[in-house]
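Welcome, and please take a moment to look over the model below. A short tour follows it, from the whole chain down to single residues.

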Amino acid sequence: DEAGMPAGGKLPYSVEDAVRAVGADWAAALDADTRVPVDGALITARGPPSSAAAAPTLIDALGVDLPA
């Protein structure tokens, strides 16, 4: 149902509202951040701008050898 969607959003709720509702800070300026933090087996990325950096990090963590 399109009526339940936030303006321009793809989720039926606002992620920002959900994050703030549990008392966390939200910094939209970080959306352009391309860092890919790795903590043990956990690999995180912020969104589409970080995909290019996240992909080789994940491939390396999985031990996959790509053809040249």
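The report starts with the chain as a whole and then visits its helices, a loop residue and a surface patch.

## Ground rules

This is a predicted model, in which local features need pLDDT of at least 70 and side-chain atom pairs count only at pLDDT 80 or more, while totals for chains, interfaces and linings use all residues. Residues are numbered from 1 along each chain as its sequence is written, and side-chain values use heavy atoms, with hydrogens and water left out.

## The whole chain

The protein chain has two helices and two strands. Following the sequence, these elements come in the pattern α-β-β-α. Helices (H or I, at least four residues) and strands (E, at least two) are DSSP runs, numbered from the N terminus.

How confident is the predictor? The average pLDDT of the protein chain is 81, and 84% of the residues score at least 70; pLDDT is the predictor's confidence in each residue, on a scale from 0 to 100. Confidence is lowest in helix H1 (residues 15–21), with a mean of 88, and highest in H2, with 92.

The accessible surface of the protein chain is about 5,500 Å², and carbon and sulfur atoms supply 59% of that. Such areas come from the Shrake-Rupley method with a 1.4 Å probe, and for residues only the protein chains shown count as cover. Of the 68 residues, 6% count as buried. Buried means under 20% relative accessible area, exposed means over 50%, and partly exposed lies in between (1.4 Å probe, protein chains only).

Contacts can also be sorted by their distance along the sequence. Among contacts in the protein chain with a separation of 6 or more, residues 24 or more positions apart account for 0%. A contact here means heavy atoms within 4.5 Å.

The structure holds one salt bridge, defined as a side-chain nitrogen of Lys or Arg within 4 Å of a carboxyl oxygen of Asp or Glu. Its partners are Glu 16 and Arg 20, whose closest N and O atoms are 3.1 Å apart. In general, side chains of opposite charge can pair when their charged atoms come close. Glu 16 and Arg 20 are separated by about one helical turn, because they are four residues apart in helix H1. An α-helix has 3.6 residues a turn, so residues three or four places apart point the same way. Glu 16 is partly exposed at 30% relative accessible area, and Arg 20 is partly exposed at 44%.

Is Ser 50 buried or exposed? Ser 50 has a relative accessible area of 0%, so this residue is buried. Ser 50 sits in the loop between strand S2 (42–43) and H2. Leaving aside residues up to four places away in sequence, Ser 50 touches Asp 33, Thr 34, Arg 35, Val 36 and Ala 45.

Thr 34 belongs to the loop between H1 and strand S1 (38–39) and is partly exposed at 41%. Arg 46, in the loop between S2 and H2, is partly exposed at 40%.

| Pair | Apart in sequence | C-alpha to C-alpha |
|---|---|---|
| Thr 34 and Ser 50 | 16 residues | 4.0 Å |
| Arg 46 and Thr 34 | 12 residues | 6.9 Å |
| Ala 61 and Val 38 | 23 residues | 9.5 Å |

## H2 and what follows

Ala 61, from the table, lies in helix H2 and is exposed, with a relative accessible area of 55%. H2 has 12 residues and spans 16 Å from its first C-alpha to its last, close to the 16 Å expected at 1.5 Å a residue. That expected span is 1.5 Å times one less than the number of residues.

After H2 comes Gly 63, which has a positive phi, near 75 degrees. Val 64 lies in the segment after helix H2 (51–62) and is partly exposed at 40% relative accessibility.

Which residues make the nonpolar surface patch? Leu 58, Leu 62, Val 64 and Leu 66 form this patch of about 390 Å². Patches are made of residues with over 30% relative accessible area and no salt bridge, with like charges joined within 9 Å and nonpolar side chains (Val, Leu, Ile, Met, Phe, Trp, Tyr) within 5 Å.
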